[in-house]
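Subject: Structure for your review

Dear colleague,

Please find below the structure that I am handing over to you. My notes on it follow directly after.

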Amino acid sequence: MQISKMATTAEERKLLHRRTKSTSSVEDREKIKKQKEAEKDRREFYEKPIHFPSESLFSTGSGYNNYRGVLNLCIVLLVLTTSRVALENLIKYGILIDPVSWVTIFVADPYNWPCVILIACSNIFILASFQLEIWLLKGWVSEPVGRAMHVVNCAAILVFPATVVLTVEPGPAGASYALFVYTCVFLKTVSYIATNHWLRYQYKSSGQRKGGRRKPTKSVGDAGDANGTAQNLANGKLETQLVTYPDNLALKDLYYFMLFPTLCYELNFPRTPRIRKRFLLKRLAEMFMLLQLMLGLIQQWIAPLLHNAIKPFVDMDLPMMVERIMKLAIPNHFIWLIFFYWFFHSNLNVLAEITQFADRTFYRDWWNSESVQYFWSNWNIPVYRWCKRHLYQPLMRRGYSRMFGQICVFATSAFFHEYLVSVPLRMFRWWAFMGMLMQVPFAVFVSKFLTGPYGNMAVWVSLIVGQPFAILMYLHDYYVINHLQLPAGQNITTAGL
């Protein structure tokens, strides 16, 4: 028994030793396998290439264009910088905003009321152009005589209000608005005369009624594309009944055109059958809120800067002049951007909605302009269409060069810019006129030497810096002429400004 038990114990020990050794062998094999795999991974990791031909992200050849984070950084820095300047302004000047003062200027000052009467008098010239068209249609006056009478009437549209403003001397704000209305009447009248002249010629030569070349319009929609080609405005179907010449020679037709937010006359405008009340209320709210914002910014931000800029410009202190221009550039550009949205989007959409005018392409993506020509042809579509239809294309048909046509367009724009600034201020310094004409060589320079994003930055720089420079130059001249009367040899510093 003892021997058997000892034998069994020896066998168990041998078996246990064999099993233990077997387990150790498996673990060793697995360890060796893992070591080989790790060695292989290390060899593949270090031998795997990590460098490939590539461009840096800021290089134009990289094709990378997602700079949203940089844009967000610029917005944050802009907000912080603007907030600091606004806080500094409040600490230095206190609260200067007074909405009531803007109303009292027009109510209390009797010299602003002539502008209202002046605007009402514009109907005289509108009715005169209408009556002349009737006489020309019936043959009561010849074409040369009628053309001469139209020229006199159009010239009077610009001369009459300027004469009244220079004689009565109303406030610059009311005078500017009155002259703006007369400028629109002038441009609309020219388009009305030119279009009816062509229609009358076709009518008399063929003896048939002419309805223009517009085809029956499709339905328009709630959101069109950037070029105004999509027809999906949620306004329903448009009117398709076409008016033919001479049925358009009616006062109702003429005054509808005068109210439409366009400067180019047509026999048949795209119309909407209903007014969207919710859309109209939104635009009216924008008009009111943005107008108050602009007036508040002018009172709180622009007025102190302009007052502080008078002394450097009168003394011709060049470093301080540059500093004042740069200091005025940002708030002035903010107000300009707000004005653009307020006028071209809110105001013109309100007018279009009330008159049921369906073409809402008042501007295009001018903010992406990579050339000066693209900016001026896309930021103000009504004026661009008028210049192209009644000035540029007629010159091209007469054989003039494209450069000559562009110079004529810029010269016409420069004249009206100066007309709307110099006449209300009752001084002629030609800063606005020269500024617009300088756009021609600047456009050539940008198109020749700057392309892509650099051209876009050049356009932005001209907008941000050019406007405050012109404003300060007019402010300097206006102050010297109207408020600064110093003895000979005395400057503004010794006068104690």
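A residue is called buried when its relative accessible area is under 20%. Ser-191 has a relative accessible area of 0%, and is therefore buried. Please bear in mind throughout that this is a predicted model.

Overall composition

The secondary structure of the protein comprises 17 helices and zero strands. The protein has 497 residues, of which 36% count as buried. Among contacts with a separation of 6 or more, 73% are between residues 24 or more positions apart.

Ser-191 belongs to helix H7. Which residues does Ser-191 touch, not counting those up to four places away in sequence? They are Leu-263, Cys-264, Tyr-265, Trp-386, Arg-389 and His-390. For one of these, Cys-264, the C-alpha atom is separated from that of Ser-191 by 5.5 Å, although the two residues are 73 residues apart along the chain.

Ile-134 is located in helix H5, which covers residues 122–138. Its relative accessibility is 14%; since the limit for a buried residue is 20%, Ile-134 counts as buried. Ile-134 and Leu-249 lie 115 residues apart in sequence, yet their C-alpha atoms are 7.2 Å apart in space.

Helix geometry

Helix H2 consists of 26 residues, 68–93. At 1.5 Å a residue, H2 should span 38 Å, and its end C-alpha atoms are 37 Å apart, so the two values agree. After H2 comes Gly-94, which has a positive phi, near 75°.

Two packed helices are described by the angle between their axes and the distance between the axes. For helix H7 (residues 172–206) and H13, the axes come within 8 Å and cross at roughly 145°. The crossing in which H7 passes H13 is right-handed. On the H7 side, the contact is made by Pro-172, Ala-175, Ser-176, Leu-179, Phe-180, Thr-183, Phe-186 and Leu-187. On the H13 side, Phe-416, Tyr-419, Leu-420, Val-423, Pro-424 and Leu-425 take part.

Aromatic pairs

How many aromatic pairs does a search of the whole structure find? The search finds 35. One of them joins Phe-260 and Phe-269, whose ring centres are 5.1 Å apart; their planes stand at 70°, so the pair is edge-to-face. Both Phe-260 and Phe-269 are buried.

Another pair is formed by Trp-376 and Phe-410, with ring centres 6.4 Å apart. Planes over 60 degrees apart count as edge-to-face, and the planes of Trp-376 and Phe-410 are at 85°, so this pair is edge-to-face. The pair links distant parts of the chain, with Trp-376 in helix H11 (residues 372–376) and Phe-410 in helix H13 (residues 402–425), 34 residues apart. Phe-410, in contrast, has a relative accessible area of 10% and is buried.

Charges over a ring

Two arginine residues lie over the face of Phe-279. Arg-276 is placed there at 4.2 Å from the ring centre, and Arg-283 is placed there at 4.8 Å from the ring centre.

Yours sincerely

Methods
Residues numbered from 1 in each chain as written. Predicted model: local features only at pLDDT ≥ 70, side-chain atom pairs only at ≥ 80, totals over all residues. Heavy atoms only, no water. Helix = DSSP H or I, 4+ residues; strand = E, 2+ residues; numbered from the N terminus. Expected span 1.5 Å × (residues − 1). Phe/Tyr/Trp six-rings, centres within 6.5 Å; stacked < 30°, edge-to-face > 60°. Buried < 20%, exposed > 50% of the residue type's maximum accessible area, 1.4 Å probe, protein only. Lys NZ or Arg CZ within 6 Å of the ring centre and 35° of its normal. Axes fitted to C-alpha atoms, helices over the stretch in contact; angles between N-to-C directions. Left-handed = near helix turned anticlockwise from the far one by under 90°. Contact = heavy atoms within 4.5 Å.
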